[in-house]
Amino acid sequence: MNKAASTQRKRRKGPPSMRFKFDGDWWTVKVQRPPSKELCEGMAHYRRRTVYLHPKAVSGNLLGIVAHELAHVTMPCVDETNIRDHERLVSVVVRWAASLNEGKVTIGQHRADK
Ligand SMILES: [Zn+2]
């Protein structure tokens, strides 16, 4: 069985998930209510190396939540106020730039394993 098929098979169990490598560690992203913080739209759990995206975030403020939680992953010492500023600015600039491209957001072909 090739690796892609193996990964797809794993995805059928439990919540939808993917993995990425950051600073030498593999992290998991799960579309699942953040444990013990079910009302939060997202959470970066450092010990588990897991980012939780609330299922509602996927169809709502997805870009903002992803920008917010990944800022926590990549800049763990930054305080919540600055992380929220980062989320707000990413959202505002991407919305503006997308408006120049018929509202479409383009995404680069980055790899998860670097
Ligand atoms: Zn936060």
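This is a predicted model: local features need pLDDT of at least 70, side-chain atom pairs count only at pLDDT 80 or more; totals for chains, interfaces and linings use all residues.

Guide: We'll go from the whole chain to the sheet, the core and a few single residues.

Visitor: OK, how many helices and strands does the protein chain have?
Guide: There are four helices and four strands. Helices (H or I, at least four residues) and strands (E, at least two) are DSSP runs, numbered from the N terminus. Along the sequence the pattern goes α-β-β-β-β-α-α-α.

Visitor: What order do the strands take in the sheet?
Guide: The order is β1-β2-β4-β3, in an open sheet of four strands with mixed pairing. Two strands pair if DSSP finds at least two bridges between them. β1 (17-22) and β3 are at the edges with a single partner strand each, so one side of each has no neighbour in the sheet. From one strand to the next, the twist averages 15°. For angles like this, axes are lines fitted to C-alpha atoms (for helices, over the stretch in contact), and angles run from 0 to 180 degrees between N-to-C directions.

Visitor: And β2 with β4, parallel or antiparallel?
Guide: Parallel: four bridges join β2 (residues 25-31) to β4. Val29 sits opposite Val51 in β4.

Visitor: What about β3 and β4, parallel or antiparallel?
Guide: Those run antiparallel, again with four bridges. There, His45 stands opposite Thr50 in β4. The two strands form a hairpin with four residues between them, and Arg49 takes a positive phi near 50° in that hairpin.

Visitor: Which other residue has a positive phi without being glycine?
Guide: Ser36, with phi near 65°. Ser36 is in the loop between β2 and β3.

Visitor: How much of the protein chain counts as buried?
Guide: 16% of its 114 residues.

Visitor: So which residues make up the largest nonpolar core?
Guide: It has 10 residues: Trp27, Val29, Met43, Ala44, Val51, Tyr52, Leu53, Ala57, Ile65 and Leu70. A nonpolar core here is a set of buried Ala, Val, Leu, Ile, Met, Phe, Trp, Tyr and Cys residues joined through C-beta atoms within 7 Å. In soluble globular proteins, nonpolar side chains tend to be buried together.

Visitor: Tell me about α3. Where does it lie?
Guide: α3 lies across β1, β2, β3 and β4, running at about 15° to β3. Its 13 residues (62-74) should span 18 Å at 1.5 Å a residue, and the end C-alpha atoms are 18 Å apart, which agrees. That expected span is 1.5 Å times one less than the number of residues.

Visitor: Which residues in α3 are buried?
Guide: Gly64, Ile65, His68, Glu69 and Leu70. What covers them includes β3 (42-45), β4 (50-53), α2 (55-58) and α4 (80-99).

Visitor: What is Ile65 in contact with?
Guide: Leaving aside neighbours within four places in sequence, Ile65 is in contact with Glu41, Gly42, Leu53 and Ala57. In contact means that the two C-beta atoms, placed from the backbone, lie within 7 Å.

Visitor: Last one: what does Phe20 touch?
Guide: Phe20 touches Trp27 and Ala112, not counting residues up to four places away in sequence. Phe20 lies in strand β1 and is partly exposed, with 17 other C-beta atoms within 10 Å. The C-alpha atoms of Phe20 and Arg111 are separated by 8.1 Å, though these residues are 91 apart along the chain.

Definitions and conventions. Residues are numbered from 1 along each chain as its sequence is written. A residue is buried if 20 or more other C-beta atoms lie within 10 Å of its own, exposed if 12 or fewer, and partly exposed in between; C-beta atoms are placed from the backbone.
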